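Reader: I have the sequence and the model open side by side. Please walk me through them with questions I can check on screen.

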Amino acid sequence: MRHPYPSGSHASTCPAAALVAASILVALLLACAAVGQTAWAQTTADTSARPGAAAAGAETEAVPESDGAPPSAVRARLDGTAKASAEPEPEPGDPARRLDEQVPGVGAPEQPSLEAALAALSERSFKVKEQAATDIAASGDPRAADLLKALLDGDLYYRKDDGRIVRAERTGDGWTLTEALTGESLGTVGRRDAKKITINNPMRTKLRADLAALTLASPDPAVRFSAAREMLGTANTASLAALETQLAREENARVRDAIELALAIAGLESETPAGRLAAVDAIGSSLYPEARNALNRLITAEADAVVLAAAQAARADIERRLKNNARLETLFFGLSLGSVLVLAAIGLAITFGVMGVINMAHGELIMLGAYTTYLVQLLMPNAIDYSLFVAIPAAFLVAGLFGVAIERGVIRFLYGRPLETLLATFGISLILQQLVRTIISAQNVVVENPSWMSGSLAINPALSLTYNRVYILVFALLVFVALLLTLRRTALGLQVRAVSQNRAMARAMGVRSARVDALTFGLGAGIAGVAGVALSQLTNVGPNMGQAYIIDSFMVVVFGGVGNLWGTLVAGLTLGVANKLMEPWTGAVLAKILVLVFIILFIQWRPRGLFPQRGRAAEG
Amino acid sequence: MGPLTPLRGDSGGQAMLGVLLLVAIVVPVLNLVVPEGSPWHMSTYTVTLLGKYLTYALLAVAVDLVWGHLGILSLGHGAFFALGGYAMGMYLMRQIGDRGVYGDPVLPDFMVFLNWQELPWFWQGFDMFWLAALMVVLVPGVLALVFGWLAFRSRVTGVYLSIITQALTYALMLAFFRNEMGFGGNNGLTDFKDMLGFDLQASSTRVALFLASALALALGYLACRWILSSRLGRVAVAIRDAEARTRFIGYRVDRVKLAIWTFSAMLAGIAGALYVPQVGIINPGEFSPLNSIELVVWVAVGGRATLYGAVIGAIVVNYGKTYLTGAFPEAWLFALGGLFVLVTLFLPQGIAGLFQRLGRRKAAPPSPEQAGEAT
């Protein structure tokens, strides 16, 4: 008698459990890192994601901590009238307030000078303009950096009739003007009515330093960090002074690191060998590419043997760490791909593995889940951030109901005839595809990423993990655990196992096997729908998306051993990592082909997969 | 034992071959002899379409041989078909000579486009028809031999085998999509000019190809019948119905399977080789798993394990496809999907089964054991 149930043989699941435990450990570490590093994390646009995701990422980056209060508060103070007291005082944690306290010499009395300084920019003399720029930089106004940047980029103009400083944009034969300070639109003027504010080279250098110092003093740690990051290897005397000043009062560890590194890189140019040696030490094994470039420059030019040796050691250290990081990254990409495979295959592990039904429509159930996400987002366009939490149960229900309908309508007539089941479910998959094409669209649809899914988690300067992949990895493991618990700990799970082990006996014990069949199939289908929600965050959602997963899913289930959930998990993660490990040498397509060929050969060697079912009779 | 002996008792097959002979006589006459203005004239397009259906029918016969009589549901027969097609396509490519867009006397256009300097080794000799014709059967045959040897030796059966045949054709599709493979990548091989010196666009060439397809179908059908009426065929059916029992009786199951499987792949290769000059293109899409599954449906619709049913199924389903994709493009997948479901649920014996039931009602012979399950 055969017992086609996963938990049957403990002997066979032990290696699986060990492997899985290891991979879960890795995932948990990643998750811990995610939690621990959130404060430190840098939100960057995820370039690997789809355009929509990238745009969403850019959006969050562009508006850091915009709470609207500081500008109005500042404007009130700028006016210097009684209106100021009418405005609510900024709270202690308010960035603008903190800025005032931190930047010495930028008190309230000097603030009105911003407008005066700005007006001075229309003068012809570069001396006056330079002084004006310095005044703007010293004004402490949050818009100062923006203005200086515009000046540097040549975007600032003045209106000839009243000397007002404006930003101008070429339209047709004239200029469209906006007030430089307030952004108020001033309409269009003729070509000769506005004149560009010119700057010379000394002024440009000064402006850059001022700008850097200004952004370095920004209340937002992310802005400070990117300013310091910008100065790695490019710092000049003026910006070095700014760096030193900022270092003295910097509290954020990440910004401190970057500033120290910038100073150390500049220190490599030191006159004395001792100074250079100290700089090399300070650089240590930093992973910023600039650090390595600076060391390379030093090594080619260095005369002092001690410094040279230290620099070479440091460079070797950096390269070793970079290599390790690259390995970690490959591993992460592999696990990420593996988690996608696991998600796609795990529903199949129920329908194919436990029930023995070849469900070729499995990919289309995934597609239905993805389209459910799309529809949920259409229904709640203003709450995309929460849409996934609605979409997951919705997709489970939609795909699950389709699953029950398929089981009741077709599959139950075909039990015991697997090849016919295969054909019939394939027909269903074609119908579902065409249904989506006819009802929604033959084109791919756009499923948006919630803001918390975009961006990436920067573990260190050389290694950052995109959030969507991290979440999907964690999600895949959660789904797996949930499914495992369902099968082992619930009444339904017990009945499913009973029916799959011995249908006649289960029925004799009062299990309604037909109902259990429908529910089991519905469960597998529902899981496929949930997988579709996750996949909609990673790949294109279109009528054909299911086809892309069906072969992979079968490969994973067959490779892992039919009827073994642990096998599916291990097989999915293994295939994902193997695929990504091969990619650097072979390219993505060839890697996929090689994995397929490997599985075909593997099946010849072990026809029942990695963790085959074994009878439990021997163990009693 | 004459060449038609295997047809004894196969009334469906006799009828099918009779109709085929009739069509093979009538179609050339309607196309070449009847003047173009006449309502009886058959356009060259229709001749080519019929020729295409006949190559599909041959492919379906090859699938029915292994599925209906050996119990192996192959979801990768499209791969053998496409490989045969590629071998023929390579010959046709070389025949273009310097008439290509780039005018290179040796290199096909896509190689010039990829800046290749010389012909890859596996393209050598494909300007000779005999070598190409050999490769048409050899390449699918060798692939089937290796694949089958591995699979049957380790007793991969049933659904597992179906899935890895599908993986095989999927892997080949991915591989042929790559430009580096040297088979024209995404675009495949196309823009053929002539074959054996005859212009491929000419009506007479098309009719000749149609006749060749009809002949290949007839010969292929007879060969399959011959195999099935031999001892080998009986063992094959025994394997389909009770593989373990056949093995225990003492037959070398894996060798029987391997022989029939390889032969079937070769037939599919020939079908592909006849298909390519008629449709004028071969590209990696032919490897797509959907194609392979679709052709299983032809067999299922026509009637599994009857051989002539496969021919009927291939022609009926493809005619339906041509009609529906032209008249209601939206409806084709619904129809195909519905066919899959309805045929498996309500018509397990296919169209041939309907005929048999009608015949049985008249003669009431003892019902033969049909289509046992190989699980």
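Author: A helix here is a DSSP run of H or I with at least four residues, and a strand is a run of E with at least two, both numbered from the N terminus. Residues count from 1 along each chain as its sequence is written, while chains are lettered from A and ligands numbered from 1 in the order in which they are written.

Reader: Let me begin with a loop, then: where is Leu307(B) found?

Author: Leu307(B) is not a glycine, yet its phi is positive, near 65°. It has 26 C-beta neighbours inside 10 Å and therefore counts as buried (20 or more other C-beta atoms, placed from the backbone, within 10 Å; 12 or fewer means exposed, and in between partly exposed). On the chain, Leu307(B) is found in the loop between H11 and H12 of chain B.

Reader: Does Ala305(B) count as buried or exposed?

Author: Ala305(B) also sits in the loop between H11 and helix H12 (308–327) of chain B. Its phi is positive at about 70°, although Ala305(B) is not a glycine. Because 25 C-beta neighbours lie inside 10 Å, Ala305(B) counts as buried.

Reader: How are H2(B) and H11(B) set relative to each other?

Author: The axes of helix H2 (residues 44–70) of chain B and H11(B) come within 9 Å and cross at roughly 75°; axes are lines fitted to C-alpha atoms over the stretch in contact, with angles from 0 to 180 degrees between N-to-C directions. Residues making this contact include Leu59(B), Val63(B) and Trp67(B) of H2(B), and Leu295(B) and Trp298(B) of H11(B). On the angle scale, under 35 degrees is roughly parallel, over 145 roughly antiparallel, 65 to 115 roughly perpendicular and the rest oblique. The two helices, H2(B) and H11(B), are therefore roughly perpendicular.

Reader: Which helix supplies the largest share of the side of chain B that touches chain A?

Author: In total, 38 residues of chain B are in contact with 34 residues of chain A, contact being C-beta atoms, placed from the backbone, within 7 Å. Helices H5 (129–153), H6 (158–177), H11 (289–302) and H13 (331–346) of chain B each give at least two residues to that side. The largest share, 13 residues, comes from H6(B).

Reader: How many nonpolar residues does the side of chain B that touches chain A have?

Author: Ala, Val, Leu, Ile, Met, Phe, Trp, Tyr, Cys and Pro count as nonpolar, Asp, Glu, Lys and Arg as charged, and the others, Gly among them, as polar. Eight residues on that side are polar and four are charged. The nonpolar residues there number 26.

Reader: Over in chain A, which strand does Trp175(A) lie in?

Author: Trp175(A) has 25 other C-beta atoms within 10 Å and is therefore buried. Leaving aside residues up to four places away in sequence, Trp175(A) touches Tyr157(A) and Val189(A), among others. Asp193(A) is 18 residues from Trp175(A) in sequence and 8.4 Å away in space, C-alpha to C-alpha. The strand in question, residues 174–179 of chain A, is S3.

Reader: How far apart are the end C-alpha atoms of helix H19 of chain A?

Author: Buried residues of H19(A) include Leu473(A), Leu477(A) and Phe480(A). The expected span of a helix is 1.5 Å times one less than its number of residues. H19(A) covers residues 467–489, so its 23 residues should span 33 Å, which agrees with an end-to-end distance of 32 Å.

Reader: What is the mean pLDDT of chain A?

Author: pLDDT is the predictor's confidence in each residue, from 0 to 100. In chain A, 79% of residues reach 70 or more, and the mean is 76. Over residues 24–112 of chain A the value is below 50, and over residues 615–620 it stays under 50. To repeat the chain A mean, it is 76.

Reader: In chain B, which helix has the highest confidence?

Author: Chain B has a mean pLDDT of 88, with 95% of its residues at 70 or more. Confidence there is lowest in helix H14 (residues 350–363), at a mean of 77, while residues 365–375 are below 50. Where pLDDT is low, the predicted coordinates should not be read in detail. The highest confidence in chain B, 95, belongs to helix H10 (residues 253–279).

Conventions: Predicted model: local features only at pLDDT ≥ 70, side-chain atom pairs only at ≥ 80, totals over all residues. Contact = placed C-beta atoms within 7 Å.
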